[in-house]
Amino acid sequence: METDLPYFSSEPLSTSMDVNFFKFLRQLDCTQIKIFAQLEGSIVFPRVPLMRVEGPLVMVQLVETTLLTLVNYASLVATNAARHRLVAGDSATLLEFGLRRAQGPDGGVSASRYAYMGGFNGTSNLEAGRQFAIPCKGTLAHSYVQSHQGFQDIGDPRLRLPDGNMCPDFLALVMDRAALLDRYKESFPDDLRWTKTNQSELAAFTSYALAFPSNFLVLVDTYDVLKSGIPNFLAVGLALRSCGYEPLGIRIDSGDLSYLSLRAREMLQHTQDLLGASYAEGFAQLGITASNDIHEEVLHSLNQHGHAITSFGIGTHLVTCLRQPALGCVYKLVEIDGAPRIKLSEDVEKVTIPGRKEAFRLYLKNGEPVVDVMLQGDEPTPKVDCRILCRHPFISSKRAYVQPARVERLFHLVWDGMNGGVPPDLDLSLCTARSRCMSSIKMMVRLLSSLYFCSS
């Protein structure tokens, strides 16, 4: 504050302010603020507040912008990530690749955190991995492949084996496996046979395998996926396997992802079938990663047309949320000195619900949530096995009696200024928030599926 006030008082907008106002600002702190919020990673429905802020008017007004900027983008990215997870399914690996397209480096780090919370499995952002212990995943770039002009770019051809011994000439082993594949390629379907692969690409793959033998996943679409990229991957992958390493798979970043992934899977399967377990055991199950402007509609289309992709690298559409670039959370005064306050509007959606509120989620005997209900702060808390009338705040015809088997309080104390800030027993870890998000979404999917089944 001492360093901020001189700047603030020197601004043109401050010239007409009373000097006592700056003295007042100097003694402000957050000790009188309390914040009650829904826990990070929770599913939140329209009209139910994300948080309730209590304290002196001037203080709760000063923190408005800070809280909104912290909540809006985080909620937007986590929701976007969860939507992608729902479409991709539980078995797919989702990787956040959005740093280069994010709204600045700090926005990129935030996007990595909240994409992971929303259900993604990892990120290419090492800084986010360092800060939040998110698993980091990645592969080589097209430029890495293009930068190799031939085998002279490889350097030291020796490869250290898992047992500590040394393969004296890994390049020679790669060439041997390439020759082996050439002898068998006539047994591949006609449209999957290759003639001569790009040798600079093979050099790049060999160089990459020497550097990362335990994480060999390469980009195969620099020149030609089926006629060069995959045969070159197979040659290096077979060489790695003979040295005791297991290749991870391939990545496709362009073209018809459905067609190319299915044909790639065929080539991997044929390689395993033709060479047998001694050379290529497990090749039919190697990973196929796809990228290239993937979003929800692309995932839907791939599911409809069929594909063999096991992992998706998603960047631009995830971190910039092109489907909905901003989340319109608002921060409204609903009570002052015990008096409820309301914001009226001709637009019903902008009419606020007055008064300090508590919120509860009511569950049925089968464990399914049935409704979120808001009550004024002085109203009695819903009780298990006691019937309660729930009414829509603006549509009078929407009402129902509910007899809950379980009642969950939605607002939790997350900041108590008089007692040191964040309560010591509050778990703010990313893993806990991610687990909460994933389990909540799975529960809602089961609920929606059962509703759809009943209505059909």
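Trainee: Leaving aside neighbours within four places in sequence, which residues is Ser-207 in contact with?
Mentor: Ser-207 is in contact with Tyr-144 and His-148, where contact means heavy atoms within 4.5 Å. This is a predicted model, in which local features need pLDDT of at least 70 and side-chain atom pairs count only at pLDDT 80 or more, while totals for chains, interfaces and linings use all residues. Residues are numbered from 1 along each chain as its sequence is written, and side-chain values use heavy atoms, with hydrogens and water left out.

Trainee: Where does Ser-207 lie?
Mentor: In helix α9, residues 199-211. Helices (H or I, at least four residues) and strands (E, at least two) are DSSP runs, numbered from the N terminus.

Trainee: Is Ser-207 buried or exposed?
Mentor: Buried, as its relative accessible area is 13%. Buried means under 20% relative accessible area, exposed means over 50%, and partly exposed is in between, with a 1.4 Å probe and protein chains only.

Trainee: Let us move to Met-175. Which helix holds Met-175?
Mentor: Met-175 is in helix α8. Its relative accessibility is 33%, so Met-175 counts as partly exposed.

Trainee: What does Met-175 contact, beyond neighbours within four places in sequence?
Mentor: Phe-151, Gln-199 and Leu-202.

Trainee: At what angle do α8 and α10 pack?
Mentor: Helix α8 (residues 170-184) and helix α10 (residues 225-242) pack at about 120°, and their axes are 8 Å apart. Axes are lines fitted to C-alpha atoms, for helices over the stretch in contact, and angles run from 0 to 180 degrees between N-to-C directions.

Trainee: What is that arrangement called for α8 and α10?
Mentor: The angle makes α8 oblique to α10. Angles under 35 degrees count as roughly parallel, over 145 as roughly antiparallel, 65 to 115 as roughly perpendicular and the rest as oblique.

Trainee: Which residues make the contact of α8 with α10?
Mentor: From α8 they are Phe-170, Leu-173, Val-174, Arg-177, Ala-178 and Leu-181. From α10 they are Pro-231, Leu-234, Ala-235, Val-236, Leu-238, Ala-239, Leu-240 and Ser-242.

Trainee: How many of these are nonpolar, polar and charged?
Mentor: The contact of α8 with α10 has 12 nonpolar residues, 1 polar and 1 charged. Ala, Val, Leu, Ile, Met, Phe, Trp, Tyr, Cys and Pro count as nonpolar, Asp, Glu, Lys and Arg as charged, and the others, Gly among them, as polar.

Trainee: Now α4. How far apart are its end C-alpha atoms?
Mentor: In α4 (residues 64-88) they are 36 Å apart, which agrees with the 36 Å that its 25 residues should span at 1.5 Å a residue. The expected span is 1.5 Å times one less than the number of residues. Gly-89 follows α4 and has a positive phi, near 90°.

Trainee: And how do α4 and α13 pack?
Mentor: Helix α13 (residues 296-305) packs with α4 at an angle of about 5°, with the axes 9 Å apart. The two are therefore roughly parallel to each other. Asn-80, Arg-83, His-84, Val-87 and Ala-88 of α4 meet Glu-296, Leu-299, His-300 and Asn-303 of α13. By class, this contact has 3 nonpolar, 4 polar and 2 charged residues.

Trainee: What is the phi of Asp-293?
Mentor: It is positive, about 55°, although Asp-293 is not a glycine. Asp-293 is in the loop between β9 (287-290) and α13, and at 48% relative accessibility Asp-293 counts as partly exposed.
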